[in-house]
Amino acid sequence: MRFIINSQYLSHQLQLLSGVLTTNNVVPIINCFLFHMEGNELTITATDTQTTLVAKVELEAETSRIEGIDTVAVPSKLLLDILKSLDDVPMTFSVDAKTLAIDIVSGEGKYSLAGQNPETFPTMPVIEETTTTHIPASVLVNAINKTSFAASTDDSRPQMTGIYVEMTPDCTTFVATDAHKLVRYQRTDVVADESTNFILPRKPITLVKNIMASRKEETDVTIQSNNVNVTFTFDNFYVVCRLLEGRYPNVDAVIPKESPCKLTVDRLSLLNVLRRVSLFASKSTYQVRLSITDRELTISAEDIEFSNNANEKMACDYEGEPMEIGFNAKFLMEMVSNLDTENIVINMSHPSRPGVIFPINDEEEASHEDILMLVMPVMLANA
């Protein structure tokens with residue numbers, strides 16, 4: 001196996017793939033990239049056995065040839081460290097078919113690595129009987145950004161650490177929750193050939209998002225899933241991951257059907273007030289109090305332990321009886337900062353019932369998008 005490739009281009013591809021690799025892995029082969037050459041195409045694979053990432057790289061035909069071996073496992077850390085220290089120059093890779101020794105020549109430098117036997121590298125899962133849908137990469141990145149922050153970090157309930165995806169012939173819905181906050185993101189312009197649902201793990205979600213976000217041009221992503229795995233195919237990348245097992249919570253059961261009290265506010269103004277006032281909140285609860293009347297919203301916080309307190313008033317539109325309700329400021333700020341519209345509405349019914357946040361968007365493309373964010377209240381001390 002022998003080929004020439006640009007060092008910076010290879011470094012970029014490997015950096016994207018390296019996100020799947022784990023540190024201190026007891027199985028040495030998992031710490032390698034698998035290089036496979038077929039014609040003038042180089043396929044690079046990285047895996048942690050649960051998630052596998054593949055990138056296909058086109059090589060110059062006149063500088064690429066297979067000499068007795070077409071596949072080798074390359075130590076990832078050493079190769080990445082070499083590439084980081086090189087300038088933007090062409091590199092020549094040569095692999096000895098007998099010893100698996102890898103020689104790299106770049107300018108005046110020559111480096112030798114000990115390749116590993118590719119036969120011990122984990123095999124790619126075979127995905128059969130799948131349901132397929134196609135989604136623009138920008139829409140998928142947006143769906144992940146809008147929901148992933150609400151996923152749980154408690155590994156004792158692994159199904160809640162991922163994003164629940166439901167695809168039907170009518171729409172596609174993404175949901176994340178940690179039982180304190182919940183986000184539901186829905187698109188009516190993304191549909192599947194038949195109904196299916198699954199739970200995406202946190203790690204491949206982040207990897208897919210980062211790879212797609214690094215692309216300069218819009219592309220479509222093909223998603224295929226069955227009961228065990230899901231795949232993402234776009235541009236020169238292919239991602240396959242094992243789905244999370246377990247039953248996801250019934251989202252519809254926790255979303256209030258009626259909320260007679262509606263608070264409409266400027267999103268950025270609310271976010272800035274929350275950032276200032278929350279500095280004075282207890283660091284154990286991050287509780288802030290919202291006191292709402294017809295035209296005025298007062299946000300206050302108190303840290304009794306350190307005798308700190310703050311309150312700030314802002315204009316609002318409010319329909320309903322005056323209300324005092326408490327929220328975790330961190331949760332509320334996360335939600336408000338992950339919306340894009342100028343104004344938002346918070347629907348409420350009682351201080352003990354969740355608040356439901358909607359963006360107010362008049363843009364035409366919003367007709368395909370529906371976002372709902374739910375945050376559970378916290379009990380006020382003198383409520």
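Helices (H or I, at least four residues) and strands (E, at least two) are DSSP runs, numbered from the N terminus. The model is predicted.

**Exercise 1. The chain as a whole**

Task: State how many helices and strands the chain has, what its C-alpha trace spans along the principal axes, and what percentage of its residues is buried.

Solution: 
1. Count the elements. There are 7 helices and 26 strands in the chain.
2. Take the extents. The C-alpha trace spans about 80 × 50 × 40 Å along its principal axes.
3. Check burial. Of the 383 residues in the chain, 50% are buried.
4. Look at sequence separation. Take contacts between residues at least 6 apart in sequence; 66% of them join residues at least 24 apart.

**Exercise 2. The packing of α1 and α2**

Task: Find the angle at which helix α1 and helix α2 pack, and classify their orientation.

Solution: 
1. Locate the helices. Helix α1 covers residues 7–17, and helix α2 covers residues 76–84.
2. Read the geometry. The two pack at an angle of about 135°, and their axes are 10 Å apart.
3. Apply the cut-offs. Angles over 145 degrees count as roughly antiparallel, and 65 to 115 as roughly perpendicular. α1 and α2 are therefore oblique to each other.
4. Assign the hand. The crossing of α1 past α2 is left-handed.
5. List the contact. α1 contributes Ser7, Gln8, Leu10, Ser11, Leu14 and Gln15; α2 contributes Leu79, Leu80, Leu83 and Lys84.
6. Sort by class. The contact of α1 with α2 has 5 nonpolar, 4 polar and 1 charged residues.

**Exercise 3. The two sides of α2**

Task: Decide where the buried residues of α2 lie around its axis, and name the elements they pack against.

Solution: 
1. Pick out the buried residues. In α2 they are Ser76, Leu79, Leu80, Ile82 and Leu83.
2. View down the axis of α2. Its buried residues fall within an arc of 160°, so they line one face of the helix.
3. Turn to the face away from the buried side. Lys77 and Lys84 are the exposed residues that this face of α2 carries.
4. Find the partners. The buried residues of α2 pack against α1 and against strands β2 (32–38), β5 (71–75), β6 (90–95), β7 (101–106) and β8 (109–114).

**Exercise 4. Serine 300**

Task: Is serine 300 buried or exposed? Which residues does serine 300 touch?

Solution: 
1. Serine 300 sits in strand β19, residues 296–303.
2. Compare with the cut-off. Buried means under 20% relative accessible area. Serine 300 has 17%, so serine 300 is buried.
3. Collect contacts, leaving out residues up to four places away in sequence. Serine 300 touches Val277, Val288, Arg289, Ala310 and Asn311.
4. Glutamate 312 is 12 residues from serine 300 along the chain, and their C-alpha atoms are separated by 6.4 Å.

Conventions
Residues numbered from 1 in each chain as written. Predicted model: local features only at pLDDT ≥ 70, side-chain atom pairs only at ≥ 80, totals over all residues. Heavy atoms only, no water. Buried < 20%, exposed > 50% of the residue type's maximum accessible area, 1.4 Å probe, protein only. Contact = heavy atoms within 4.5 Å. Axes fitted to C-alpha atoms, helices over the stretch in contact; angles between N-to-C directions. Parallel < 35°, antiparallel > 145°, perpendicular 65-115°, else oblique. Left-handed = near helix turned anticlockwise from the far one by under 90°. Nonpolar A, V, L, I, M, F, W, Y, C, P; charged D, E, K, R; others polar. Arc of directions from axis to C-beta.
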